[in-house]
Amino acid sequence: MRSRLCRIRSVLSLMALGLIACSLSLQAAPQSVVYQQPSKAVRELLDAPALPKHLISPDKHTLALLEPRRFSSLAELARPTRKLAGLRFDEATGQPSQTSAIQSLRLRPLLNPQAPERIVELGAANAADGGYFHSFSWAPDGQRFLLERRGAQSNELWVGDSASGQLRRVPGLKLNNVLSQGELAWLSPQELVLLAVPDKRGKAPQEPKVPNAPVVRESSGRASPERTYADLLNSPYDEALLEHYALSQLTRVHLQSLQSKKLGAPALFFSVASIGDEDTLLTERITRPFSYSLTWDDFPQVVEVRRADGSVLREIARLPLKRGVAINGVLPGPRLFFASPNRDGAVFWVEALDGGNPATRAPHRDRLMRLDPPYTGEAQELLRIPNRFSGMRFLDDGQQALLSEEDPLRAWTRSYLLMLRGGSVSTLFEHALRERYRHPGTPLIRTDPQRGRALAQTQGGALLMLGQGASPKGDRPFLDRLSLRDGSSQRLFQSSDKLFEQPLDLLPGNQLLTLHESINSAPSLHLQVLGSNAVATPAAARSVALTQAPNSPPLLRKIRRELVHFKRDDGVEMSFWMYLPPDYKDGEARPTLVWAYPLEFNDAALAGQVSGSPNRFPNFSGISPVLLALEGYVVLNDATMPIVGDAKTVNDEFVEQITLSARAIIEKAEELGVTDPKRVAIGGHSYGAFMAVNLLAHTDLFKVGIARSGAYNRTLTPFGFQSERRSLWEARDTYLKLSPFLYANQIKEPLLLIHGETDNRSGTPALQSERLYQAMVGTGGTVRYVLLPLEAHGYNARESAGHVQWEMRQWLRHYLGEPKPAAR
């Protein structure tokens with residue numbers, strides 16, 4: 001009998017019918033079940049509050065302690081959602097789906113831990129219509145803060161006072177985040193320009209009851225390789241809906257008076273930025289013709305400089321539909337526009353010199369252009385760079401910028417110090433894209449009340465660099481001073497090897513703010529004074545706690561964690577994080593879950609570099625496989641699965657290399673005495689699920705598998721996937737070999753498939769799991785398919801997280817047995 005998938009559309013229907021989850025069984029048609037709950041220990045962790053976020057005001061006077069809501073409700077996920085041109089947003093308010101809500105917000109003076117906290121009252125506004133606050137941000141001077149609130153019918157803007165915590169709503173304003181997702185242009189610390197719903201937008205178009213025309217698509221013979229996207233436009237009606245919901249009005253808001261003023265005519269804006277200090281704006285908007293095979297950000301675009309009243313001063317560029325562009329290529333004309341935050345009021349953009357095609361040989365890939373006020377005449381070419389432009393960040397001196405480029409074939413990146421006048425450059429640093437051990441760090445960004453966010457320089461003309469400090473023994477975060485004169489670097493701080501301390505900012509008087517945590521202590525804010533020359537560590541400097549670490553469930557601290565290093569047969573260095581159950585006794589060989597995600601490298605030395613720290617406080621997502629350690633299983637998490645080779649052909653040996661890695665992982669775990677090699681499961685999420693099913697299809701190393709939200713038929717992603725640059729027709733054998741769907745008859749081990757019903761990630765629709773399930777059923781495999789209603793690529797509801805944990809535990813118990821040590 002052919003099984004049918006349960007489709008759940010609303011919470012009301014869920015309650016009425018009692019269909020709370022949908023599971024498929026091999027032997028019979030699925031029966032209605034309810035969401036299941038994991039063990040008491042796992043439930044305790046799922047129901048614990050999320051760790052607070054520490055948000056420091058730009059003036060360094062106020063600390064905001066923000067507690068995010070850990071899970072969304074089913075009712076929230078079930079709200080009517082529009083899916084258009086790769087977008088998903090709430091139909092009533094236009095707010096992007098699955099926005100993270102704020103549970104609570106507290107304010108207090110940053111450097112006075114004894115001062116009373118000011119609780120920002122959020123509940124009263126939410127109680128009226130069941131809405132929630134989200135998207136906290138500071139004003140540039142730190143005197144105020146902004147919150148957005150998704151109400152029943154609109155997304156609102158609220159202004160908070162940092163001194164009192166009092167909130168006020170901007171009256172009559174409805175934010176439009178369909179395309180912009182919270183885009184703000186600060187004109188001053190008291191004024192900003194944002195995108196709002198036009199007053200006279202009217203009602204949404206009604207779908208025709210009877211089709212009035214066929215849907216026609218046509219190609220003129222020009223190759224246009226495109227990735228596989230979800231939620232694309234499908235009809236003229238969809239086009240009309242996109243124009244209705246995405247239409248936005250430039251609106252100027254004064255934070256003190258709460259007055260708002262409309263600027264110019266509404267359009268399909270997706271970006272607005274202030275230029276310099278003359279109230280000039282740089283706007284970007286999409287136009288027709290739309291596409292049924294591309295997402296909205298590849299639609300034609302118009303870039304314009306506008307006056308303070310919203311009128312157009314000059315059209316900077318008109319970008320065509322991104323059609324006919326090579327895989328990993330770019331448009332041949334202008335792209336990537338930057339508004340200078342400096343008084344010069346310049347606009348910068350990038351243009352390809354190789355036609356946008358990475359396969360074309362060219363001495364320079366890109367050039368950087370500059371246009372100055374009054375924005376007449378031709379733009380100036382500042383410089384040409386040999387590789388593809390990847391980023392530009394302005395320094396706070398108003399004279400320089402940090403420019404970055406990437407060479408995808410070498411997997412290499414280089415950063416230049418650029419003089420904005422004259423275009424002279426000097427290489428500041430360069431390294432492999434996946435480099436960890438020698439990574440120079442990321443420049444510290446600060447917000448200036450007048451110039452906005454920029455890279456902060458010290459008085460001696462240096463950048464402050466924040467890095468993770470990766471090493472074979474784990475991460476030890478650091479703060480360096482990088483000289484812009486000679487490129488030399490001085491270490492100011494590095495976390496000790498006994499805890500994990502992340503530097504955040506350097507205050508006057510050499511006072512360093514850090515986020516301090518350990519295996520037994522959740523993150524808390526600390527302050528210490530650095531020495532003038534020597535490297536400071538927590539052992540060498542007095543550290544004062546500015547916040548108190550929240551309590552954590554005691555059982556979580558009893559999970560034993562260890563970083564394990566080893567090599568596979570070809571000499572490539574590997575590692576995994578070993579999690580042992582609270583009741584584990586030395587010498588026990590227990591059933592084990594290996595959870596991994598493959599990564600590609602062109603250098604074997606980089607493949608062996610370690611990520612993570614043994615000193616970090618354990619803080620796991622609701623669907624983390626590590627929680628299975630509380631059920632008694634050994635979990636080898638973040639097991640490295642390196643694929644080493646030339647960037648063009650690295651996937652040709654994907655199966656062989658993950659097989660080498662899997663065998664090495666099992667052998668090392670057996671050598672440690674923690675794993676029963678006859679009771680090992682393989683699992684992964686997304687690309688990790690793809691890896692797991694390939695291992696089941698091509699090896700006999702594992703007894704059982706768990707695959708969540710993966711892609712299993714690469715012919716459904718014919719124009720590239722993950723790091724694969726070739727199309728199906730250029731690498732047919734590789735695509736077929738890496739499609740475990742085509743080897744379903746070889747999957748003899750039991751496989752648990754879990755997928756979100758509305759997965760919108762490119763290449764991983766729920767159809768991928770559905771078709772693999774059907775293939776395994778048809779060829780006599782043992783398989784269970786769990787479809788999570790209302791969920792996308794990740795799972796956000798508390799009910800979903802609990803059920804996923806229950807499914808994984810039941811699957812392991814059924815096929816690996818109770819997590820008791822094997823007889824030796």
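**Note on the predicted model: Gln494 and overall build**

1. The side chain of Gln494 makes a polar contact with the backbone oxygen of Arg476 at 3.1 Å (a pair of N or O atoms within 3.5 Å; within protein, one must be able to donate a hydrogen and the other to accept it, and residues adjacent in sequence count only if both atoms are side-chain atoms). The side chains of Gln494 and Arg491 are likewise joined by a polar contact, of 3.1 Å.

2. This is a predicted model, in which local features need pLDDT of at least 70 and side-chain atom pairs pLDDT 80 or more, while totals for chains, interfaces and linings use all residues. Residues are numbered from 1 along each chain as its sequence is written, and side-chain values use heavy atoms, without hydrogens and water.

3. Gln494 belongs to strand 33, residues 489-494. Its relative accessibility is 16%, so Gln494 counts as buried (under 20% relative accessible area, with a 1.4 Å probe and protein chains only). Of the 824 residues of the protein, 57% count as buried.

4. The protein has twelve helices and 45 strands (DSSP runs numbered from the N terminus: H or I of at least four residues for helices, E of at least two for strands). Its radius of gyration is 27 Å, close to the 28 Å of the globule rule for 824 residues, so the protein is as compact as a globular protein of that length (taken over C-alpha atoms; the rule is 2.2 Å times the number of residues to the power 0.38). The C-alpha trace spans about 80 × 75 × 60 Å along its principal axes.

5. Among contacts (heavy atoms within 4.5 Å) between residues at least 6 apart in sequence, 59% join residues at least 24 apart.

Notes: Buried < 20%, exposed > 50% of the residue type's maximum accessible area, 1.4 Å probe, protein only.
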